[in-house]
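Subject: Structure for your review

Dear colleague,

I am passing on the structure we spoke about, and below it you will find my notes on what came out of it. Please read them with the model open beside you.

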Amino acid sequence: MKPPPTKPWILDLTPYPPGKPIEEVEREYGVRDSVKLASNENSLGPSPKAIEAMRAAAADVHYYPDGGAFYLRRALAERLGVPDDWLMFGNGSNELIELLVRAFVFEHDEAVVAEHAFVIYRMAVQAQGGRTPTVAARDYGHDLEAMAAAITPATRVVFLANPNNPTGTVFLAEEWRRFLEAIPPRVLVVMDEAYAEYVTDAEYPDSIAAARAGRPVVVLRTFSKIYGLAGLRIGYAVASPEILDVMNRLRAPFNVNLLAQRAALAALDDSSHLERTREMNAAGMRLLSEGLSALGVGFVPSSANFLLVRVGDVDAVNEGLLRRGVIVRPVGVYGLPEHVRVTIGSAEENQRFLEALAAVLGRTSGGDVAV
Ligand SMILES: Cc1ncc(COP(=O)(O)O)c(C=O)c1O
């Protein structure tokens with residue numbers, strides 16, 4: 001049946017291409033024991049405390065969840081040092097990006113994004129009939145000065161990802177301070193910090209402090225990455241109650257499910273799981289950096305739990321990796337046709353990737369290191 005009329009910009013949208021699920025790869029390629037390093041998930045899995053909390057909560061799922069996420073809100077507010085009404089929860093931080101755009105960006109409006117930025121910003125804005133002027137990257141990262149200069153009277157939002165996905169790049173406090181000074185206060189800054197908990201740089205900006213100081217900043221975080229709860233879909237926004245009030249008007253009731261709320265609350269309390277994850281990531285980052293350098297394969301230094309790796313012929317390399325049961329993410333959709341993004345996994349998974357890549361590239365060491 002022919003669909004009813006819609007908007008041309010909706011027909012121009014291409015659905016988001018997610019990482020291939022393990023089952024699909026194993027079915028298609030006839031492989032077993034494959035490893036998925038394609039979606040920046042936590043290879044250690046969820047916190048054991050979160051698993052326990054979900055088990056205990058399973059018998060309650062005939063009830064709707066708490067629409068206001070009272071207990072999680074209270075615990076997180078205390079953790080972050082913000083009042084309870086400075087938080088909003090979403091079905092993944094992805095939902096919060098969409099709510100933000102639906103609340104503040106309309107037909108003909110602009111949202112400034114960076115080249116190689118997380119594609120969901122562009123898709124959400126396009127779905128509203130808005131435009132995303134895209135500012136050239138500098139060394140794969142955001143050029144904040146150029147992004148501030150790209151603001152026009154039509155600009156409603158600027159999207160910043162820190163660290164950025166898929167490049168892993170960060171910008172630091174001084175650059176952030178200059179950016180905030182350069183932009184008009186009517187423009188909302190979305191600071192997407194999905195990987196913040198992995199960053200070790202002491203100069204990483206305190207964006208929540210900026211929001212608390214009255215800057216027009218919305219900070220987005222998630223339980224999908226370091227907390228290992230991607231399958232539950234839960235993220236949060238930190239912003240002034242006035243901003244959140246507008247977004248909240250568009251929020252579906254019970255948007256964050258009961259298991260997600262209970263698991264996130266338990267995960268928040270498991271600092272040792274976080275610590276182990278950070279250690280695994282640091283060790284994996286070292287192993288992969290050394291291994292890639294030894295193979296003569298270039299990559300972008302990363303502050304997150306993944307690496308952007310330049311493999312050249314992505315189709316051939318990706319196919320070769322899949323045949324060996326290693327799933328990574330091609331990132332052509334991010335304007336990076338020669339790169340793949342590889343999540344830092346467990347020691348064993350990282351080794352599997354390096355060995356598979358060496359076999360696919362047909363070399364064991366040497367060659368040019370080029371990013
Ligand atoms: C930069 C960035 N923001 C937001 C998200 C969305 O995460 P989620 O919806 O799982 O919270 C991701 C996930 O890949 C991401 O990389």
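A residue is called exposed here when its relative accessible area is over 50%, buried when that value is under 20%, and partly exposed in between. By that scale Asp33, with a relative accessible area of 60%, is exposed because its value is over the 50% cut-off. Please keep in mind throughout that this is a predicted model.

Backbone features

Asp33 lies in the loop between α2 and β1 (35-36), and although Asp33 is not a glycine, its phi is positive, at about 55 degrees. Arg233 shows a positive phi as well, of about 65 degrees, and is likewise not a glycine. The loop that holds Arg233 runs between β7 (217-222) and β8 (235-238), and Arg233 counts as partly exposed, since its relative accessibility is 29%. A glycine with positive phi is found too: Gly325, which follows α13, has a phi near 75 degrees.

Thr167 is found in the loop between β5 (155-161) and α8 (173-182). Is Thr167 buried or exposed? Its relative accessible area is 0%, and Thr167 is therefore buried. The side chain of Thr167 makes a polar contact of 3.0 Å with the side chain of Asn164, and it also reaches the backbone oxygen of Tyr140 at 3.5 Å. When neighbours within four places in sequence are left aside, the residues in contact with Thr167 are His116, Tyr140, Val300, Pro301, Phe306, Leu308 and Leu336.

Gly141 has its place in the loop between β4 (134-135) and α7 (144-149), and Gly141 counts as buried because its relative accessibility is 6%. From Gly141 to Ala103 the separation is 38 residues in sequence and 28 Å in space, taken from C-alpha to C-alpha.

The ligand and its site

The ligand sits in the largest pocket, where the residues around the ligand are Gly92, Ser93, Asn94, Phe118, Asn165, Asp192, Ala194, Tyr195, Thr222, Ser224, Lys225 and Arg233. Which distances might you wish to check for Asn94, Lys225 and Arg233? An oxygen atom of the ligand is 2.9 Å from a polar backbone atom of Asn94, an oxygen atom of the ligand is 2.8 Å from an N or O atom in the side chain of Lys225, and an oxygen atom of the ligand is 2.7 Å from an N or O atom in the side chain of Arg233. Of the 400 Å² of accessible area that the ligand has on its own, the protein covers 93%.

Asp192, one of the residues that surround the ligand, is found in strand β6 (residues 188-192), and with a relative accessibility of 5% Asp192 counts as buried. The side chain of Asp192 reaches the backbone nitrogen of Ala194 at 3.2 Å, and Ala194 is itself among the residues around the ligand. Apart from neighbours within four places in sequence, Asp192 is in contact with Ile97, Phe118, Tyr121, Leu160, Ala161, Asn162, Pro163 and Leu220. Asp192 and Arg215, by contrast, are 15 Å apart in space, C-alpha to C-alpha, and 23 residues apart in sequence.

Helix α13

In helix α13 (residues 314-323), the buried residues include Val314, Val317, Asn318, Gly320, Leu321 and Leu322. An α-helix has 3.6 residues a turn, so residues three or four places apart point the same way.

With best regards

Notes
Residues are numbered from 1 along each chain as its sequence is written. This is a predicted model: local features need pLDDT of at least 70, side-chain atom pairs count only at pLDDT 80 or more; totals for chains, interfaces and linings use all residues. Side-chain values use heavy atoms; hydrogens and water are left out. Helices (H or I, at least four residues) and strands (E, at least two) are DSSP runs, numbered from the N terminus. Buried means under 20% relative accessible area, exposed over 50%, partly exposed in between (1.4 Å probe, protein chains only). A polar contact is a pair of N or O atoms within 3.5 Å; within protein, one must be able to donate a hydrogen and the other to accept it, and residues adjacent in sequence count only if both atoms are side-chain atoms. Contact means heavy atoms within 4.5 Å. A residue is near a molecule or strand if one of its heavy atoms lies within 4 Å of it. Accessible areas come from the Shrake-Rupley method with a 1.4 Å probe; for residues, only the protein chains shown count as cover. On a 1 Å grid over the protein atoms alone, a cavity is a set of points where a 1.4 Å probe fits but cannot get out, and a pocket is an open set with protein on both sides within 12 Å along at least five of seven lines; lining residues have an atom within 4 Å of a point. A molecule sits in a cavity or pocket if more than half of its atoms lie within 2 Å of its grid points.
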